[in-house]
Amino acid sequence: MATTVSPPAPGAAVPGRRRRTPLARREARWAWLFLAPWIVGFLAFQAGPMIASAWLSLTEYDVINPPEYTGLDNYRELMADPQVARSLGNTVYYTALHVPLVMLISLGLALLLKRVGRLQGFFRTVFYLPVMTPAVAVGILFLLLLNTQDGLINRGLALVGIDGPSWTTDPDWVMPGIVLMSLWSLGSTVIIYLAALQNVPRDLYEAASIDGAGAWARFRHVTLPMISGALFFTLVVNTIASLQMFTEVYTMYFGNRQTQTSFNSDAATFYVIHLFQEAFQFLHMGYASAMAWLLFLIIMGITLVQVKLSKRFVYYEGEDQ
């Protein structure tokens with residue numbers, strides 16, 4: 001004979017469910033109150049514009065006239081636009097050079113800083129100060145430093161008998177010059193690595209030394225695994241930032257008409273620069289919105305791959321292995 005279960009009476013406690021105390025409810029209200037500014041800001045300045053951009057990507061819109069729905073035409077045009085492929089190729093090329101160099105040089109500097117001792121605070125400040133330099137100022141500074149005739153870098157190379165390249169006019173050297181400029185602001189990565197290195201337990205090094213491990217073995221089997229979380233974080237952050245490179249390069253090569261006409265600007269056209277030109281120079285807002293969503297999907301795809309691979313290479317203290 002089947003039995004029936006009657007629903008609990010109104011106000012009765014449900015088995016297996018804890019009733020929140022007045023203190024918990026009050027804390028929840030305060031939590032939502034403190035979260036409210038962020039939620040409002042996110043909806044107004046991020047979620048709202050993203051939804052509007054998604055709609056505009058399906059239209060032809062020039063700011064002056066109302067948007068005209070065109071379906072997926074903008075995305076089809078993206079696939080056939082050689083300038084999109086060229087600018088995306090430049091961006092990926094820059095990212096492939098910039099990210100490994102920043103991580104390797106920053107890790108080397110962090111290892112040196114760890115041995116400095118009392119002056120560590122001073123050098124931390126010195127390395128981090130360039131991060132605070134406005135991006136426009138960095139672009140102007142390196143446009144002068146990389147000048148072919150009287151730039152400081154080529155003058156330094158001349159002192160050792162090396163004929164410096166045309167960093168700002170030779171298409172083959174434009175990208176290496178941009179990568180060199182990008183190393184100016186690696187201070188934040190250095191600080192992250194230094195903090196991670198200082199958190200590696202000393203007894204692990206002592207145990208490895210007792211087992212006969214040399215300096216390289218300790219670095220490979222102790223240091224790298226213990227700072228792998230920081231390495232992964234900077235890999236993701238630097239990759240995202242590199243794929244959105246804009247201000248410094250635009251200042252160097254597109255902010256001055258004389259500079260822009262002195263060489264083939266295709267060598268320095270990054271994806272976001274091309275997006276900016278389509279949106280604010282040619283007023284192709286619908287097409288630029290489609291470009292923005294394509295970049296979003298590319299960044300999301302790369303990040304998801306990195307997160308997936310991190311499960312094999314990143315060690316987090318306290319997790320089950």
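Helices (H or I, at least four residues) are DSSP runs, numbered from the N terminus. This is a predicted model, in which local features need pLDDT of at least 70 and side-chain atom pairs count only at pLDDT 80 or more, whereas totals for chains, interfaces and linings use all residues. Residues are numbered from 1 along each chain as its sequence is written, and side-chain values use heavy atoms, with hydrogens and water left out.

The structure holds one salt bridge, defined as a side-chain nitrogen of Lys or Arg within 4 Å of a carboxyl oxygen of Asp or Glu. Asp 73 and Arg 76 form this salt bridge, with their closest N and O atoms 2.7 Å apart. Both residues belong to helix H2 (residues 73-80), where they are three residues apart, about one turn of the helix.

The table gives relative accessible areas; buried means under 20%, exposed over 50%, and partly exposed in between (1.4 Å probe, protein chains only).

| Residue | Relative accessible area | Class |
|---|---|---|
| Asp 73 | 40% | partly exposed |
| Arg 76 | 52% | exposed |
| Gln 306 | 13% | buried |

Gln 306 lies in helix H15 (residues 285-313). Residues up to four places away in sequence not being counted, Gln 306 touches Phe 232, Leu 235, Val 236 and Thr 239, where contact means heavy atoms within 4.5 Å.

Two packed helices are described by the angle between their axes and the distance between the axes. Axes are lines fitted to C-alpha atoms, for helices over the stretch in contact, and angles run from 0 to 180 degrees between N-to-C directions. Helix H3 (residues 82-114) packs against helix H4 (residues 120-128) at an angle of about 155 degrees, their axes being 10 Å apart.

Notes. Helix = DSSP H or I, 4+ residues; strand = E, 2+ residues; numbered from the N terminus.
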